[in-house]
Amino acid sequence: MVSLLPRAPYLASLPKSASSSLRPSPPAMSSSSSAARAEAAARPRKLPVLLFDVMDTLVRDPFYHHIPAFFKMSMKELLESKHPTAWSEFEKGLIDENELAKKFFNDGRCFDLEGLKECMVRAYEYIDGVEDILCCLKKNNYEMHAFTNYPVWYQLIEDKLKLSKYLSWTFCSCRTGKRKPSPEFYLQAIDHLNVDPASCIFIDDRMVNIEAALSVGMVGLQFKNAEALRKDLCALGVEVPPLVCEGEAQVQ
C-alpha cells in the first residue's frame, strides 16, 4: 500500500490552523445547520475521522467473479451486454431494484433478481485482516464512516457482516444522490462532519477516488491489503497496533 502523502506522523491534536497548513486550502463549502455544529462542538472529538470505501477495501466485491458466473457470462460479455448507466443510477437512488431489473441488460431480458441478490450475499466477506483493524480503531475511539458508491443493497452487506459494529453507513451514494469521484460528494461529507478536511483520512482501493479526496484537502490512502493499511495508518499517527478482536482469537 502506498500513501499519496508524505510519511510525516499525523498530529491529530494540532490546532485547526496548524493542521490546515499541511494541505492546500479546500474549495468553499456550504454551511451545515447550527444545531449540528452546536452538537459537534459540545462533545470531545478524537481526530482524525476515518472515511472508508467499502467494496474491495473492507468487503470483497462480487462483481468481478460471482456476478458474471451467476449470468453464465465472461466479464467481457457482461460488460458488453449490461446497460451502461443502470447500475450507477441504482447506486445514486434514482431507480429502485425493480427498475434496475427491467433495464439491467441492454436488450431488456429478464433475470432472477432475487437469485442475483442471494449470489451477492453469499460472496460478501471481509477482506483478510480488515476486521481486526476496524476492531482496533473502534476500541481506540476513532470516528469511522462508510464513504461508498452502493445502492440500497448495502443493507444486505450490513445484515451479513454487521459492519455497523465498527462504523456508520453515513455516506452511501444511494442516500446522498452523489457518487465518487465527484468532488461534491466529498465536500458534502466534510460539511456534514463539520471538520477540517485535513483531519479526514480517506481509504479507497481506487486511485481516482483518492485523487478526488486529495483535491478537497483530505488525506488519502490507497488500500492494497490489511497489513499495509495498518502500517500506513500508524505512519500517520493513528493508534492501530496489531490486534485480534475479542471472541475471534483461536485457542492455541
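I began with the largest pocket, which is lined by 29 residues; Asp-61, Trp-87, Glu-91, Arg-179 and Arg-206 are the ones that lie nearest its centre. I note at the outset that the model is predicted. For the volume of this pocket I recorded about 600 Å³.

I then asked which elements give two or more residues to the lining of the largest pocket. They are helix H5 (86-91), helix H7 (113-123) and helix H12 (207-215). The largest share, four residues, comes from H5. By residue class, I found the lining to hold 13 nonpolar, six polar and ten charged residues.

**Entry on the whole protein**

I next looked up the overall make-up. The protein has 13 helices and five strands. Of its 252 residues, 47% count as buried. I noted an accessible surface of about 12,400 Å², with 54% of that area belonging to carbon and sulfur atoms. Taking contacts between residues at least 6 apart in sequence, I found that 69% join residues at least 24 apart.

**Entry on the backbone**

Before reading the backbone, I kept in mind that most residues other than glycine have a negative phi, and that most peptide bonds are trans.

Which residues are joined by a cis peptide bond with omega of about 5 degrees? Leu-47 and Pro-48 are joined in this way. I located Pro-48 in the loop between helix H2 (34-42) and strand S1 (49-52). I also recorded a cis peptide bond from Lys-180 to Pro-181, with omega near 5 degrees. Pro-181 lies in the loop between helix H10 (173-176) and helix H11 (183-193).

I turned next to phi. Asp-56 is not a glycine, yet its phi is positive, at about 65 degrees. I placed Asp-56 in the loop between S1 and helix H3 (66-70). The relative accessible area of Asp-56 is 26%, and this residue is partly exposed.

Lys-72, likewise not a glycine, has a positive phi of about 55 degrees. I found Lys-72 in the loop between H3 and helix H4 (75-81). Is Lys-72 buried or exposed? Its relative accessibility is 76%, so Lys-72 counts as exposed, the cut-off for that class being over 50%.

Definitions and conventions
Residues are numbered from 1 along each chain as its sequence is written. This is a predicted model: local features need pLDDT of at least 70, side-chain atom pairs count only at pLDDT 80 or more; totals for chains, interfaces and linings use all residues. Side-chain values use heavy atoms; hydrogens and water are left out. Buried means under 20% relative accessible area, exposed over 50%, partly exposed in between (1.4 Å probe, protein chains only). Contact means heavy atoms within 4.5 Å. Accessible areas come from the Shrake-Rupley method with a 1.4 Å probe; for residues, only the protein chains shown count as cover. On a 1 Å grid over the protein atoms alone, a cavity is a set of points where a 1.4 Å probe fits but cannot get out, and a pocket is an open set with protein on both sides within 12 Å along at least five of seven lines; lining residues have an atom within 4 Å of a point. Grid points are joined across faces, edges and corners, and a volume is the space filled by probe spheres set on the points. Ala, Val, Leu, Ile, Met, Phe, Trp, Tyr, Cys and Pro count as nonpolar, Asp, Glu, Lys and Arg as charged, and the others, Gly among them, as polar.
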